[in-house]
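Dear colleague,

Please find the structure below, with the sequence alongside. My notes on one strand and its neighbours, and on the ligand surroundings, follow.

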Amino acid sequence: MTTLRKHSLSMNRFCRVGAVLLLWALALAGCGMFSGPPTHSVGHKHKHINAEEVAHLRYQEPDRYTWQYPERVIKALKLEAGMKVADLGAGTGYFTFRLAEAVDTSGKVYAVDIDAEMNASINKQAVAKQQENVKTVLAVGHDPLIPEPVDLIFSVNAYHHIKDRANYFRNAARYLKPGGRVAIIDFRKGAFRHYTELKVLLEEFKAAGYALDKTHGFLPRQNFLVFSLNKQ
Ligand SMILES: C[S@@+](CC[C@H](N)C(=O)[O-])C[C@H]1O[C@@H](n2cnc3c(N)ncnc32)[C@H](O)[C@@H]1O
């Protein structure tokens, strides 16, 4: 069996597990198990599971560890204490909190997402973990709205969601400190139904004014590329 086929089979498993978790979550929600002690009365409404809860179940799925290699990814980014990082399309924070550990309490991680429910999930976790160096940012589709220049814009499995990407990252250059980097991880063609072809990624960053610094080849399902701005 080829490696690609193996990954694609296990990706199918990933999707199936996601679907099972979703059905399970919906069933639990229907049973009121997410809504605390029963307070049923005539005409009561069951609490519906919200997008944040579903996303949390999906993005934090334990099987992800077997192909996402989060520790290896963080190590490859060569972050230092005190650095500032934007986690673009942070979702429920799979990488946000690992980034926050890597930059230590003197650094800062902006969890950037256009979905307020994802930000709410991260805020809740940040309080529970007492992780004060994580701040959420409610972005808009065409602009990450990062509050201050950062050393790294990091984005996992979100690149394919962004529209007009060359313009997006040309504009995002103003959120980078001098010498700042952009690291993108996104699915390869054939690994998942949403993906970005490597040549498209390379073309778009070239058009946006960036040079390729590094290609990390250790992720079985995703491209992992690091770019920096072309010197003027
Ligand atoms: C598949 S999730 C990935 C979440 C997280 N990075 C992870 O790896 O678990 C993609 C996330 O990108 C967000 N997103 C989509 N378009 C975006 C945009 N233009 N700017 C910021 N976030 C965006 C979505 O709301 C979603 O939370």
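A86 stands opposite Y110 in β2, and five bridges join strand β1 (residues 84-88) to β2, the two running parallel; strands pair here if DSSP finds at least two bridges between them. From β1 the chain crosses through helix α5 (residues 96-103) to β2 in a right-handed β-α-β crossover, right-handed meaning that, with the strands pointing away from the viewer, the path from the first strand over the helix to the second runs clockwise. Helices (H or I, at least four residues) and strands (E, at least two) are DSSP runs, numbered from the N terminus.

Please keep in mind that this is a predicted model, in which local features need pLDDT of at least 70 and side-chain atom pairs count only at pLDDT 80 or more, while totals for chains, interfaces and linings use all residues. Residues are numbered from 1 along each chain as its sequence is written.

β2 also pairs with strand β3 (residues 134-138), in the parallel sense and over five bridges, with V109 opposite V134 in β3. Together with helix α6 (residues 116-129), β2 and β3 make a right-handed β-α-β unit.

Strand β2 (residues 108-113) is largely enclosed by the rest of the structure, because six of its six residues are buried (20 or more other C-beta atoms within 10 Å of the residue's own, C-beta atoms being placed from the backbone). K108, Y110 and V112 cover one side, and V109, A111 and D113 the other.

As for the ligand, 19 residues surround it, the closest being G89, G91, Y94, A158 and H161 (C-beta atom, placed from the backbone, within 6 Å).

Best regards

Definitions and conventions:
Buried ≥ 20, exposed ≤ 12 C-beta atoms within 10 Å, placed from the backbone.
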